[in-house]
Every structure is written in structure tokens, then in C-alpha cells.
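I opened this entry to keep track of what I looked up, topic by topic.

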Amino acid sequence: MEFIIKSGNPEKQRSACVVVGIHEPRKLSAAAEQLDKATKGYISNILRKGDIEGKIGQTLMLHNIPKTLCDRVLLVGCGKERELNDTKYRKILSTTIKKLNETGAMEAVSFINNINIKGRDTAWKLRETVTITNDTLYCFDQLKSKKDKTRRPLRKVVMMVPSRRDLAEGERAIVEGNAIAAGVKLAKDLGNLPGNICTPTYLADQAKALGKTYKSLTVKVLEEKDMKKLGMGSLLSVSRGSRQPAKLITLEYKGDKKNGKPIALVGKGLTFDAGGISLKPPTAMDEMKYDMCGSASVLGTIKAICKMRLPINVVGVIPSSENMPDGDANKPGDIVTSMSGQTIEILNTDAEGRLILCDALTYTEKFKPDCVIDIATLTGACVIALGKHASGLMGNNQPLVNDLLNSGKTAGDRAWEMPLWDEYQEQLNSNFADMANIGGRDAGTITAGCFLSRYTKKYRWAHVDIAGTAWKSGAEKGSTGRPVPMLTQFIIDKCKD
Ligand code: BES
Ligand code: MN
Ligand code: ZN
């Protein structure tokens, strides 16, 4: 999709379709008003007849309006002007894009970003247009032999800005929007690929491919024998039950000439989680192909950063494995020694994410990071607590947690903080090892965070549980690409510090 910015009047646009907003109840937006004046009341006449109320979700397509230069005008319901917010704006955008893609117009000139959203500037509104458009039109059909193609798909969106002064800032917004969209697309594609294609080796190859594309990126892959030398007994205990060899992928992005300390992103890359000997029930077990969405978000975010050439250093660390039942798999009660030296009693082999993450987190110390953020589809309990709208967030440094909460708000990819209090730690007590890998039914998301906190004492750290946000179930089953928008926003903001 091509995005362009321009400034000018709606009636003067030579285009297949001009898009203007209608507020509820039957109120013209500023651009609609302009169009109405130039067409001697054509739009207000239609509103009076009651064809569109202006509710969010409504659209009305008009053709060949006299005194305009465009083939069509699309009226889009924008709801009550005073009630507009980020979520409603995004809904308006996705409705607009769906409608445009269904009609024959392959290109459109949109004034939708001129409506007022509390606390949001033009650049933000433009960037959202780019990311929401890509999100709305995303389709995963690479494994279908017959693809249903839209006959005349939308190819180009011209976004109108109020004045020429907005153009420079607008261009940057498009660059950011395109970069985030590319990162989200990579994360979605990887998440949607099945476990028989997207294996640890496949993830490693994808990372290497990124390293080839971007000169500022260096990719290394550790094999099981390398991990053994490093003492990663916890990670390797999980992959022992699988025929697929585990990989530890590192990506080093150098954008900061002054060699500043890097931000580290550590992503769970469990390419299929059957539960191991603590086998999962069969219902929806297919969804456990998404158990690598943490790692997909690391790859997606790093791709976005490379595209924007941000002046900062970032490292990605991805422990990747399968979790399968097998004669050589972990057994409940087994005790393993992690790279940190701490021993772990594995009471449930299905709590494997933390077992691969703990060694990756210890390994990450070697990069002397400014801060570390791990991202993982870690607990079903997080889906119960927060549903699919908010990721679970915890950490050992409040400013870092606050920054992530704020980035999530800006990017429309929000998280909610959970209490990582000491009181919860004792749920991990073990009679036989330094800790157990599960903490019982109570506060399952927090005790998973507690487990990780024991491996992250040497740096500022935050943990994002994306079990609920990384994918959708039901009719729209698929990967969401989250939290690439939040992470990318966090890094964009860090560059301004
Ligand atoms: N990958 C799962 C967590 C998960 C569950 C993500 C459902 C998305 C949807 C993780 O490895 C797991 O199995 N966690 C267990 C932990 C339990 C055994 C303490 C869980 O949540 O049931
Ligand atoms: Mn599991
Ligand atoms: Zn898992």
C-alpha cells in the first residue's frame, strides 16, 4: 500500500474517491462542510433525507456529485464529536478501509485524519491510518492453493493534512507507520505459520535473512552443543523431548555510533507447545503453534527499527524449542540446573516457557543491557485475568514499567501492570530444589513473573505476558502481531531521551 500526504480542498481532488466524515447526529465534519459549500448543499441535502446518521460503522457511497472532480465521495460515520477517542478513531479507520477495498476505487483521498481526537496530533493520526490500513487488509493465504483475490483492491491512500506546514512531520509519520506495519506483518506471518513449518530452525533462518537484508544487524545462532557448554540445563531439558534441535538466536542492531548500552528484547520462541509429559488437552491444541509469538514480536520490532534506522542499540535474544511428550522428555519431579546455577524442580512440564526463558535471560547479561524486556505467551492465567485486550506487565523497575504502559497507550497496544510482590515468591518453594517451576493455581501469571525475576536481578527488567493479546481465537483465528507496536513505540521514545 502506498501512502501520500497532501493539503488542499476536497472538491478539487481528482480521484476515484474522496472520503469525508459525518458526525452524529447528521453533522458535517469540516471537510464535509467544505464539500457541501462547493456543491451547493449536496451533502447536507442527503443528510436531511436521513440516509446516514453518522454513527461509527456507517458509510454511504455517493457517485458523480456535480462540481467535484472525483468519481465518488464516501461519507463515513465518525460518531459524536465530543466522544471521540483513540479506540473510536481506529474503528472509523478500519470501517473506511474495508469499504474502500470493497468498491472499485483503487485509490482514495481521505480527510478522515482531520477530525479531532483528544490529545492526538496530526502525525499520530496519520501513523494510525497507515498501521490500521495494513492491519485491516492483512490476509494470510500463503498456504492456500486457491486465493480469493479482490478484483480491484485499494492500492493508494492520499491523506490530507490541514496545512502545508504539516507535510514534513507527516512524512516522518508515514515512515514510522510503514515500519511498524512491516514489523507487525512479519510477526503475524510467523505466528500464523504451522508448527511443522515454523520450527526453531525456521525461526533461526528468518533471523539470518533479516541480518542479510540490513547491514546494521548482526545475527548469530547458538546450537545445542554451544548451549550445553554455557550450562543451559533448563532450556536444553525442554528441547530434549523434541526431534527439532533447539536454537538460541541473537540479533544485534547497532544504530548508535557512541556505543550506548543496548535495550534487550528476549522473546519466547516455543514453536509448538504440546505440554510435554504434562500433556495439554486436545481442544484448541492447534493454537499452541502461536507459542512463539514473543519471539515473532522481537523479530518484528527489530525489523521495524532497522527500517527506521533508529539511532540506538538493540539486541534480540530468542530461545527457541518445541515442547513435546517423548521417552526422553522432562518428567514431573525432574530437577535441572539452569545457567545461573539455580536448580529447578519441574513439577509441571507444561510450564516450559519460563524454563527456556530463564537461561536466555541469564545469557542476556553478557550484552550489558540498559534494560531487558522479555515477551512471552507465558500463562493461560493471563488470558483469564485480562482477556485479549491487555498484555500482562511486571518488572523490577517502575520507570521502565511506566514507560512501557505509556508506549502501549500511544501505539494502541496496551498492557496492564500486575503486582510482582515478594509475598507471591513463596509459592515457588520446593522441598528438593532451589525453586519449583509452578506456583499453584493462585495468581499464575504473577508467579510465572516471580520465577523470571530470580534470573533478572542484574539489570532493569520488565516482563510482558502476551498469552491473551498475541492472537485471536474463533472465526477470526490468527496472530495479531502484538506487541510489536508497543515495543517499537518504546524504542522510538527511548531515542528521544
Ligand atoms: N504456552 C502456555 C501458556 C498459554 C496458555 C498461552 C494458553 C496461551 C494460551 C504455557 O507454556 C503453559 O502451558 N502454561 C501453563 C502453566 C501452568 C502449567 C503453571 C498454563 O498456563 O496452563
Ligand atoms: Mn506450556
Ligand atoms: Zn508454552
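**Domain interface**

I looked up the area first: domain 1 and domain 2 bury about 710 Å² between them, and 43% of it is on carbon and sulfur atoms. The model is a predicted one. I note that interface size is often given in this way, as the accessible area lost when the parts come together.

Next I asked which elements of domain 1 form the side that touches domain 2. Helix H3 (86–102), helix H4 (122–137) and helix H5 (167–192) each supply at least two residues of that side. Sorted by class, this side of domain 1 has 7 charged, 3 nonpolar and 1 polar residues.

With those classes written down, I checked how many salt bridges the rule finds across the interface of domain 1 and domain 2. The number is 0. For polar contact between domain 1 and domain 2, I get 2 residue pairs, both at pLDDT 80 or more.

I also took down the contact count: 11 residues of domain 1 are in contact with 10 residues of domain 2. As for the bounds, domain 1 covers 2–178 and domain 2 covers 195–496. I find their C-alpha centres 38 Å apart.

I then turned to salt bridges in general and found a count of 27 by the rule. One pair I looked up is arginine 26 with glutamate 53, where the closest N and O atoms are 3.0 Å apart. Why does this pair tie together parts that are apart in sequence? Arginine 26 lies in the loop between strand E2 (18–23) and strand E3 (27–28), while glutamate 53 lies in the loop between helix H2 (42–49) and strand E4 (59–63), so the pair links parts that are 27 residues apart in sequence.

I stayed with arginine 26 and read its phi, which is near 50°, a positive value in a residue other than glycine. The peptide bond from glutamate 24 to proline 25 is cis, with omega near 0°.

**Another cis bond**

I recorded a cis peptide bond between arginine 482 and proline 483, with omega about 0°. Proline 483 belongs to the loop between strand E21 (478–479) and helix H14 (484–495).

Key:
Residues are numbered from 1 along each chain as its sequence is written. Chains are lettered from A and ligands numbered from 1 in the order in which they are written. This is a predicted model: local features need pLDDT of at least 70, side-chain atom pairs count only at pLDDT 80 or more; totals for chains, interfaces and linings use all residues. Side-chain values use heavy atoms; hydrogens and water are left out. Domain bounds come from an automatic or database domain assignment. Contact means heavy atoms within 4.5 Å. Buried area is the accessible area (1.4 Å probe) that two parts lose on being put together, summed over both. A salt bridge is a side-chain nitrogen of Lys or Arg within 4 Å of a carboxyl oxygen of Asp or Glu. A polar contact is a pair of N or O atoms within 3.5 Å; within protein, one must be able to donate a hydrogen and the other to accept it, and residues adjacent in sequence count only if both atoms are side-chain atoms. Helices (H or I, at least four residues) and strands (E, at least two) are DSSP runs, numbered from the N terminus. Ala, Val, Leu, Ile, Met, Phe, Trp, Tyr, Cys and Pro count as nonpolar, Asp, Glu, Lys and Arg as charged, and the others, Gly among them, as polar.
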